[in-house]
There are 2 protein chains.
Amino acid sequence: MNVSKTAEKSSEKPGDAAKGRKDVAEVLPEALQLGELSEQLGYVLKRAQLKVFENFLRCMASLQLTPAQFSVLLLVEKNPGRNQTEIASTLGILRPNFVALLDNLESRDLCARIRSTNDRRSHILVLTDKGKAVLARAKKLVATKHEARLNELLGQANREALLEMLSKIANEF
Amino acid sequence: MNVSKTAEKSSEKPGDAAKGRKDVAEVLPEALQLGELSEQLGYVLKRAQLKVFENFLRCMASLQLTPAQFSVLLLVEKNPGRNQTEIASTLGILRPNFVALLDNLESRDLCARIRSTNDRRSHILVLTDKGKAVLARAKKLVATKHEARLNELLGQANREALLEMLSKIANEF
DNA sequence: TTATAATTGTTATGGACCATACCAAATATT
DNA sequence: AATATTTGGTATGGTCCATAACAATTATAA
């Protein structure tokens, strides 16, 4: 790293460096002080979110499902017969950006677009048999590897309290 | 954000003269069932994070500071005399991506790069007077408009519990 | 010492994600 | 019938994130 002798320089500008203890071990780069940063909700929230997504991707590596893809499968399973616009908007995904996402899932035979007979503009979304099977396996992985990790880290009660607070923020902030 | 826009159509005064109107044959509620999605930590976490960042940006509109820029100013203030690599890596920002961010802050005269005399490769980062002033105002805005909103939504105790849990996730997940 | 390796800031570049404008087909409204 | 709206889609640009590579500088090895 940088420091080899930075702190033991005999000629130091007064008031600039040398914040305090530096008697020994100046070979180690001192960790920075996070300060008020660790109290900033947005900062901690973002960091936590990245870690959770990272862990999610690891857990789903065998199924190659991203959080967004998983959420689409979940929502389509729970709401069969809905069209792209409805599924996308519920997830906060803009319709143009939803196209490629669906193309991917459809190319992997996980879900299918079906022209609606009522309204021939819209595409009804359904899970294929393979999609249902993959989703079932995905749920199992998430439960046993992902969410379980949370419980062991926070405890069941805290985990539920956390989810409730986050939902409140997501819905009422 | 992107919210559902259903139900607006039906916001008509009841008792109006019978005009063609919607055939009520179609099922009334268009709201989709979130189902297990609302129990997925990653989903709720991401949603909450977006809302918090959105609110942060609104609060900081007068100062034109993004969460990332704010975190840099905070960290530089707390750790004067550090170089770009140290500040960036502490924030989880890759050095190449940190350049443009700093260019922005420097062009606005909020912080400055100073060639280190010890190691002429590195740039020491410091806040300018204007940077200190802006950061002070930013802190006030965040405290009174942003974090205060959280307290009124969750309560002081819950807010602290939330931060602690998120920190735990960010550090130990 | 000199030759080689490592570090720092930087540019260039590509991918993922997000947002807007626009289009054709189909439907709804007037 | 004329017009407006909706749906899925394309094209496009912006932002963020990640990697490779480079010049200048410093550290290390021979």
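Which residues have the most contacts inside the largest nonpolar core? In this predicted model, that core has 90 residues, and L162(A) and L162(B) are those with the most contacts inside it. In soluble globular proteins, nonpolar side chains tend to be buried together. The surroundings of L162(B) include residues from both chains: L162(B) touches L41(A), L162(A), M165(A), L166(A) and I169(A), as well as L150(B) and L154(B), when residues up to four places away in sequence are not counted.

The interface between the two chains was examined next. The size of an interface is often given as the accessible area lost when the parts come together. Between chain A and chain B, about 6200 Å² is buried, and carbon and sulfur atoms give 67% of this area. On the side of chain A, the residues that lose the most area to chain B are L32(A), M165(A) and F173(A), which together account for 13% of what that side buries. In terms of contacts, 66 residues of chain A meet 63 residues of chain B.

Polar interactions also cross the interface. Twelve residue pairs are in polar contact between chain A and chain B, and two salt bridges are found across the interface. A salt bridge joins E36(B) to K139(A), with the closest N and O atoms 2.7 Å apart.

Several helices of chain A, namely α1 (41-59), α2 (67-78), α3 (84-90), α5 (129-154) and α6 (156-172), each supply at least two residues of the side that touches chain B. The largest share, 13 residues, comes from α1(A). By residue class, this side of chain A comprises 29 nonpolar, 18 polar and 19 charged residues.

Key:
Residues numbered from 1 in each chain as written. Chains lettered and ligands numbered in written order. Predicted model: local features only at pLDDT ≥ 70, side-chain atom pairs only at ≥ 80, totals over all residues. Heavy atoms only, no water. Core = buried A, V, L, I, M, F, W, Y, C linked by side-chain atoms within 4.5 Å. Buried < 20%, exposed > 50% of the residue type's maximum accessible area, 1.4 Å probe, protein only. Contact = heavy atoms within 4.5 Å. Buried area = accessible area lost by both parts, 1.4 Å probe. Salt bridge = Lys/Arg side-chain N within 4 Å of Asp/Glu carboxyl O. Polar contact = N/O pair within 3.5 Å; in protein donor to acceptor, adjacent residues only side chain to side chain. Helix = DSSP H or I, 4+ residues; strand = E, 2+ residues; numbered from the N terminus. Nonpolar A, V, L, I, M, F, W, Y, C, P; charged D, E, K, R; others polar.
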